[in-house]
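Welcome! Please take a moment to look over the sequence and the model below before reading on.

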Amino acid sequence: MSGDRAIYLSALDKVREAFSPDGLISEAAVTTAHELVARHVPAVAPVRAPAPATTYTNEFAQRAKLRFGA
């Protein structure tokens, strides 16, 4: 919270719509995340080419939906 609850809550409110309501994330979103990291991480930390299927699956979110009926 960086010591300021009001700023934290305001920032959270502004990004809330970016959260997945069911926890599932598309392959395109994972690819975008890979591209952003590759673009903004210093050159001393090389990033592999995007391979969404090898770094993220929706398995956990799908199991949770089944278990809790969400």
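This report covers the overall fold, the surface and the salt bridges.

**Basis of the report**

This is a predicted model, in which local features need pLDDT of at least 70, side-chain atom pairs count only at pLDDT 80 or more, and totals for chains, interfaces and linings use all residues. Residues are numbered from 1 along each chain as its sequence is written, and side-chain values use heavy atoms, with hydrogens and water left out.

**Fold and surface**

The protein chain has four helices and zero strands, where helices (H or I, at least four residues) and strands (E, at least two) are DSSP runs numbered from the N terminus.

Of its 70 residues, 7% count as buried. Here buried means under 20% relative accessible area, exposed means over 50%, and partly exposed lies in between (1.4 Å probe, protein chains only). The chain exposes about 6000 Å², and carbon and sulfur atoms supply 61% of that area. Accessible areas come from the Shrake-Rupley method with a 1.4 Å probe, and for residues only the protein chains shown count as cover.

**Salt bridges**

Side chains of opposite charge can pair when their charged atoms come close. The structure holds three salt bridges, each defined as a side-chain nitrogen of Lys or Arg within 4 Å of a carboxyl oxygen of Asp or Glu.

| Salt bridge | N to O distance |
|---|---|
| D13 and R16 | 3.9 Å |
| K65 and D22 | 3.7 Å |
| R63 and E59 | 2.9 Å |

Let us begin with K65 and D22, which form a salt bridge. This pair links distant parts of the chain, 43 residues apart: K65 sits in helix α4 (residues 59-68), while D22 lies in the loop between α1 (5-15) and α2 (27-40). K65 is partly exposed at 28% relative accessibility, and D22 is also partly exposed, at 34%.

How many residues apart in helix α4 are R63 and E59? They are four residues apart, so about one helical turn separates them. R63 is partly exposed, with a relative accessibility of 47%, and E59 is partly exposed too, at 45%.

In the remaining pair, the side chains of D13 and R16 meet. Is D13 buried or exposed? D13 is exposed, with a relative accessible area of 52%, whereas R16 is partly exposed at 47%.
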